[in-house]
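Here's a quick briefing on a few helix and strand details. Have a look at the model first, then read on.

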Amino acid sequence: MDAPRLNIDLGKLHHNASFLVERLATRGISVTGITKAALGSAKIASAMLRAGISSLGDSRVENIEAMRQAQLAATMVLIRSPMLSQVDRVVRHVDISFNTEIEVIRRLSRAAKQAARVHGVVLMIELGDLREGIMPDDLLGTVREMLSLPNICFKGLGTNLACRSGVCPDEKNMALLSELVAAIESTFGLKVEIVSGGNSANLQWALSGAKTGRINDLRLGEAILLGRETLYRQPIDGLHTDAITLTAEVIEAKTKPSKPTGQIAQAAFGEAPAAIDRGEVRQNILAIGQQDTDPCGLLPPAGTQVMGASSDHLILETDDEKLPVGKEVTFQLNYSALVRSMTSPFVAKVNKSCPQTMNNEKGNP
């Protein structure tokens, strides 16, 4: 079997998605399945849809186009503000886009009118994390102008937390989002359909019993793919944390000194880590590196430790036994390692739907 490879258990992903859909439904919250870390994989998206998710979100229009080509029956949501250079593609392939700039919405309006389509818009609000979002004081003015634009349908409000600054979703900022929804409805006499409270970082708040107010949607990717919440990266009870793993092959197995010799300058990716002389160690090199994944995001098996990496070499130390050349080592991974591995054309993607069926797709998840 090809190595390196991502081992993708579609059954476990389906379980994770189904579990979260059912739990959040009791709180009046639906799930938008986020496919950006899966590179718009039609198979992973299909597993989400079979679990009861009805809308799919991605930050790249290219991934949405790929899912459209796969004829997935879902509402497609672009969760990053559209680039002006892509408004025609967005209008053609995306049902709803998240927006923060009125100029972009104007251009979407023109493109939608020319294409004889109606494009849905969710306005993103800044609530403290200082990534994307309209400042709350500017919201009503933005809504007023947007409502005057042809071929644009105002679908709702959203916010994003815990991505740039690590700000936690809580009762205070979620209540403010609900208050802004109420202000729009009372000012303009309309009903706000979508109130997207955030991402996988919102799960502790959403499942804590706190009042959810008007929040009726969460955008979940990492929680489904890796079974963890994103504030502290702790496993979520009831979810699989090994639905996706990464396997690489040993290409060198030797006993070597633990401390380098000679004058030390920069290594391939910056400053070399300080080394302590621990005598000779069992060192293994695997055929994968910085070009393929985030080495810091790999959790190795018990008895092994990741010591470093260059572009295409990953260095492991083992406690008790030397891993022979040709041996495969499987890692659990964090979000950063997953995104980079999924994007690398040198990492195979193996989709396992059941014990009897396995579909191997080199470079095309």
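Helix α5 (residues 102-114) passes helix α6 (residues 139-147) in a right-handed crossing, meaning that the near helix is turned clockwise from the far one by less than a right angle. This is a predicted model, where local features need pLDDT of at least 70, side-chain atom pairs count only at pLDDT 80 or more, and totals for chains, interfaces and linings use all residues. Numbering starts from 1 along each chain as its sequence is written, and side-chain values use heavy atoms, with hydrogens and water left out.

**The α5/α6 pair**
- The two axes (lines fitted to C-alpha atoms over the stretch in contact, with angles from 0 to 180 degrees between N-to-C directions) come within 10 Å and cross at roughly 15°.
- α5 and α6 are therefore roughly parallel (an angle under 35 degrees).
- On the α5 side, I102, I105 and R106 meet T142, E145 and M146 of α6 (contact is heavy atoms within 4.5 Å).
- By class, that contact has three nonpolar, one polar and two charged residues.

**Around α3**
- Helix α3 spans residues 61-69, and its V61, N63, I64, E65 and M67 are buried (under 20% relative accessible area, 1.4 Å probe, protein chains only).
- Among the elements covering these buried residues are α2 (42-50), β3 (55-58), β4 (75-78) and α4 (87-93).
- After α3 comes Q71, with a positive phi near 60°.

**The β15/β16 hairpin**
- Strands β15 (residues 304-309) and β16 (residues 314-318) run antiparallel and are joined by five bridges.
- Four residues sit between the strands of this hairpin.
- A309 has L314 in β16 as its bridge partner.

Conventions:
Buried < 20%, exposed > 50% of the residue type's maximum accessible area, 1.4 Å probe, protein only. Helix = DSSP H or I, 4+ residues; strand = E, 2+ residues; numbered from the N terminus. Parallel < 35°, antiparallel > 145°, perpendicular 65-115°, else oblique. Nonpolar A, V, L, I, M, F, W, Y, C, P; charged D, E, K, R; others polar. Pairing = 2+ DSSP bridges.
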